[in-house]
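Colleague: I have a new model open and would like to talk it through with you. Could you show it, and then let me ask things as they come up?

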Amino acid sequence: MTIESARTAGTLAEQQAAVVCALVAGAQPPPGFDTDDLAATAHGLLHKRAEEVARRFPRLAQAAGPDFRARYLDWARTRPKTTTTEDAAAFARDLGLPDPRPQPGRRPRWPGRRGR
């Protein structure tokens, strides 16, 4: 990005917001940014999100089937991340699967490993 293109592209905050939207919400890359670099970074971030959901909610990943990763990536591509828990709940809801979050008032099936 040149100094001149930076001047015409808006404030720094606007430019940063446009980059973030391109990385996590499927928006078009802002002018002056390398589209291949942004696409590669966005791809990596999406895969990281899928791994995080699968690691924290393995039953959801199993219930989504052997193509969990592909389904999750398609789902997440145009949705900015909120939290891993909210992502997992929204993904499950959109697939018609049970909410993977712990239910209030119910004891966890496997006690935590406190003190370790």
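Colleague: Fine. How many helices and strands does the protein have?

Modeller: This is a predicted model, and its secondary structure comes to 6 helices and 0 strands, so that, read along the sequence, the pattern is α-α-α-α-α-α.

Colleague: And what is the average pLDDT?

Modeller: The protein averages a pLDDT of 84, and 83% of the residues score at least 70. Over residues 110-116, however, the pLDDT is below 50, and that stretch has 1 contact in the model beyond near neighbours in sequence.

Colleague: What share of the residues counts as buried?

Modeller: Of the 116 residues, 24% count as buried.

Colleague: Let's turn to helix packing. At what angle do helix 3 and helix 6 cross?

Modeller: Helix 3, which covers residues 35-56, and helix 6, which covers residues 84-95, have axes that come within 10 Å and cross at roughly 85°. Angles from 65 to 115 degrees count as roughly perpendicular, and helix 3 and helix 6 are therefore roughly perpendicular to each other.

Colleague: Which residues meet there, in helix 3 and in helix 6?

Modeller: From helix 3 the residues are R49, E52, V53 and R56, and they meet T84, T85, D87 and A88 of helix 6. Sorted by class, this contact has 2 nonpolar, 2 polar and 4 charged residues.

Colleague: What about helix 5 and helix 6, at what angle do they cross?

Modeller: The axes of helix 5 and helix 6 come within 11 Å and cross at roughly 100°, and these two helices are therefore also roughly perpendicular to each other. On the helix 5 side F68, R71, Y72 and W75 take part, meeting D87, A90, F91, D94 and L95 in helix 6.

Colleague: And by class, how many are nonpolar, polar and charged?

Modeller: The contact of helix 5 with helix 6 has 6 nonpolar residues, no polar ones and 3 charged ones.

Colleague: New topic: how many salt bridges are there?

Modeller: The count comes to 7 salt bridges. One of them joins the side chains of R69 and E51, with N and O 2.2 Å apart. R69 lies in helix 5, residues 68-76, whereas E51 lies in helix 3, so this pair ties together parts that are 18 residues apart in sequence.

Colleague: Which residue does E52 form a salt bridge with?

Modeller: E52 pairs with K81, and their closest N and O atoms are 3.3 Å apart. E52 is in helix 3 and K81 is in the loop between helix 5 and helix 6, so the pair ties together parts 29 residues apart in sequence. K81 itself is partly exposed, with a relative accessible area of 35%.

Colleague: What else is on the list of salt bridges?

Modeller: The side chains of R77 and D74 meet in a salt bridge, 3.0 Å from N to O; R77 counts as partly exposed at 39% relative accessibility, whereas D74, at 54%, counts as exposed. There is also a network of salt bridges that links E86, D99 and R101.

Colleague: Now some single residues. Where is A42, and is it buried or exposed?

Modeller: A42 is in helix 3, and with a relative accessible area of 13% A42 is buried. Leaving out residues up to four places away in sequence, A42 touches A22 and L23.

Notes: Residues numbered from 1 in each chain as written. Predicted model: local features only at pLDDT ≥ 70, side-chain atom pairs only at ≥ 80, totals over all residues. Heavy atoms only, no water. Axes fitted to C-alpha atoms, helices over the stretch in contact; angles between N-to-C directions. Helix = DSSP H or I, 4+ residues; strand = E, 2+ residues; numbered from the N terminus. Parallel < 35°, antiparallel > 145°, perpendicular 65-115°, else oblique. Contact = heavy atoms within 4.5 Å. Nonpolar A, V, L, I, M, F, W, Y, C, P; charged D, E, K, R; others polar. Salt bridge = Lys/Arg side-chain N within 4 Å of Asp/Glu carboxyl O. Buried < 20%, exposed > 50% of the residue type's maximum accessible area, 1.4 Å probe, protein only. pLDDT = per-residue confidence, 0-100.
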